[in-house]
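This report describes the structure shown below, beginning with the contact between its chains and then turning to each chain.

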Amino acid sequence: MQFFLEVLIGGLLSGVMYALVALGYVLIYKASGVFNFAQGAMVFFAALTTAGLVDSGLSLWLALPLTMVAMVVLGLLTEKIVLRPLVAQHEITLFMATIGLTFFVEGLAQAIWGANVRSLDLGIEDVPLEWLLENANMAVSQFDLIASGIAAVLVTLLAIFFSKTKIGRALRAVADDHQAALSIGIPLQHLWGIVWAVAGFVALVAGLLWGARNGVQFALTFVALKALPVLILGGFTSVPGAIVGGLIIGASEKLAEVYIGPHVGGGIEGWFPYVLALLFLLVRPEGLFGERIIRRI
Amino acid sequence: MKFINKALVAAAFATAALSASAQEQFFPALSYRVGPYAAGGTGFFGGVIDYLSLLNAQGGINGVKMTWEECETEYNATRGVECYERLKKSRGGATMVEPLSTGIAYGLLDRVAQDKIPMTTLGYGRSDAADGRVFPFVFPLITSYWNQAAGMMKYLGDKEGGLEKLKGKKIVHLYHDSAYGKEPFAVFEAYAKQYGFELIKLAVPHPGNEQQSQWLQIRQAKPDYVILWGWGVMNAVALKTAQRNGYPSGKILGVWWAGSEEDVIPAGSAANGYTTMTFNTPGNYPLLDEIKKKVYAAGKGNLEDKSRIGSTYHMRGVTAAILWTEAVRKAQEKYGKGKVMTSEQVRWGFENLNVDEARLKALGAFGMMPPVKTTCLDHEGSGAVKVQRWDGKSWKAVTPNWVVGDKAMIRKMQEESAAKYATEKKITPRDCSKEG
């Protein structure tokens, strides 16, 4: 039982880390109906920029706002150069544009900061909580617990932003129909600029935590792969859905790896979340918290 | 008249250029400087180019200068094959090829045999390719995965006071879930059977950026050692997750692809005390000083960051280039000094390499790598490894001497596997007694 709990808690905490990346996707999709394939690249860009600035002699506290500025500029430029000319185009066109953006951002990050791997120290030790280890013989990461707290704060802020603020409501209107939103005077470009900047901020938070957890290297772009089943499960338009989806995916993949894996040769947590998401799609295509779309034909 | 004069001058320049390129030995560099594995690629190919530049600065090999052209593969097998096809006939033809990628190497296996271009797979690829009778154009130089795995067992046995002391111990093989990670299965299983330790195999799905479930299983199993057979991000994540679960880094022994600065720096303090295999002894050597003096001081160094000179990947690149050019030198001894060698002549050179201690001393690389002596039968040439430990700042050698596992057992396995491959591919093995 103790081991089961350990696996479950470890999975839930990993799930929160996935949810952090998934949040960036939700933001853009919720506000513009665009599936931003470049979110993983933005996470990498943010982490590499922070680590690069720290390595060049700046303190972390100076590097963070500078990276934030870089992320906002990147978001605004993306809106202006890539998305604005494509307003009212089909969703797949916008999606393809973000694929192009992915490769550009990955290349840009390495062109600026080089291909070297770097470490990122946020001052949070990634060690098991001593009290739990001594009293319950359970290894629960102190770092992951703090990351979960940060994710909870972020989700609360974003949920308030979307439901309680004027900008948030306007963003939801834009997501429903670009042209209709434009026709009633909603400043589309302005709003998209804001949401890409906010997505840049979320990418920065995810990049810092993942970068400190795994090191700052190109493979940070791969964490995006962990976010996809989370989105399918939680729904593409729900901020709390990203968290719940993350928790379900994290816990189930760890339990599956430990309890099913040994019977089928192991290494199943790479594909298990996708199978789970696929099964879920068959039952509830819009995800747990996604908006149900009803079309009359 | 003016036009004719110009044409004659142009023709003279063209002839001069042709004769110049005719005196150059061409090396295609299937490098990767962008993408997920760029950190390793820049170091390795930087080392290769630095050594070739040094040779040129010293006058080349008996007057023949080295030339090279890079083609970006991004470690992608399809791109790697494209690069090979593009460069194999460039500048008079490729001398040899080294893809530094198992995927690309597998893609080229049949092509190099058909094109008669030798391919080196330094420290990776098929371990059975050491059998030169079946793989005449492939050279897994220095040490294959199987001999490395045997070296690991020897080292762990020595730590315990002898291989027989491994009886009753638990060893986890934490591996990248790919053909690469599964390559040493047969060796570890053979040792486990012979010496009576429990072998627990745990797979990590690619890319390995999340390993909590594997390390919880390790925590539960309480193994005496963990062998980390990882690649890329998997290595740093393994070290970090081990720390997160309270497993000591000193009990983790990595494969040499988990033993570079790029693997430990992202892991921070979690990597302190971690040990890995290597086929280079970390440290500084007169050869590296020469590179600094004659290549970097002249502004021709390949690494942007000079602090990486002598790093694991850089030194590995220098080592590779030493062996390539020594094969050319050897071929020149047989086919004509001062001449550009064909790929087939260089293949002969690779098969008759004898980079002994005296030669390594002359090169300023004594101790940097084990002596390498190849034959028609043995394309590996050494089988020796070392163990190094990360002290938080740099790698330090743990074993003063080269470690060699059960070579006879490994050779038997290589021959059996190569014979099976020959049957599958309908290859008639060469008779080495008839080779000159």
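## Interface between the chains

In this predicted model, 38 residues of chain B are in contact with 38 residues of chain A. On the side of chain B that touches chain A, at least two residues each come from α2 (38-57), β6 (198-204), α8 (212-221) and α9 (233-244). By residue class, that side of chain B comprises 16 nonpolar, 13 polar and nine charged residues.

## Confidence

The model has an ipTM of 0.86 and a pTM of 0.88. For chain B the average pLDDT is 93, and 95% of the residues score at least 70. Residues 6-20 of chain B have a pLDDT below 50, and this stretch makes zero contacts in the model beyond near neighbours in sequence. Where pLDDT is low, predicted coordinates should not be read in detail.

## Helix α12 of chain B

Helix α12 of chain B covers residues 312-335. Because 21 of the 24 residues are buried, α12(B) is largely enclosed by the rest of the structure. B:G336, with a positive phi near 130°, follows α12(B).

## Chain A

Chain A contains twelve helices and zero strands. Its C-alpha atoms fill a box of roughly 60 × 55 × 35 Å along the principal axes. A compact globule of 297 residues would have a radius of gyration near 19 Å, and the 19 Å of chain A therefore agrees.

Buried residues account for 52% of the 297 residues in chain A. Of the contacts in chain A between residues at least 6 apart in sequence, 75% join residues at least 24 apart.

How values were computed. Residues are numbered from 1 along each chain as its sequence is written. Chains are lettered from A and ligands numbered from 1 in the order in which they are written. This is a predicted model: local features need pLDDT of at least 70, side-chain atom pairs count only at pLDDT 80 or more; totals for chains, interfaces and linings use all residues. Two residues are in contact if their C-beta atoms, placed from the backbone, lie within 7 Å. Helices (H or I, at least four residues) and strands (E, at least two) are DSSP runs, numbered from the N terminus. Ala, Val, Leu, Ile, Met, Phe, Trp, Tyr, Cys and Pro count as nonpolar, Asp, Glu, Lys and Arg as charged, and the others, Gly among them, as polar. The expected span of a helix is 1.5 Å times one less than its number of residues. A residue is buried if 20 or more other C-beta atoms lie within 10 Å of its own, exposed if 12 or fewer, and partly exposed in between; C-beta atoms are placed from the backbone. pLDDT is the predictor's confidence in each residue, from 0 to 100. The radius of gyration is taken over C-alpha atoms; the globule rule is 2.2 Å times the number of residues to the power 0.38.
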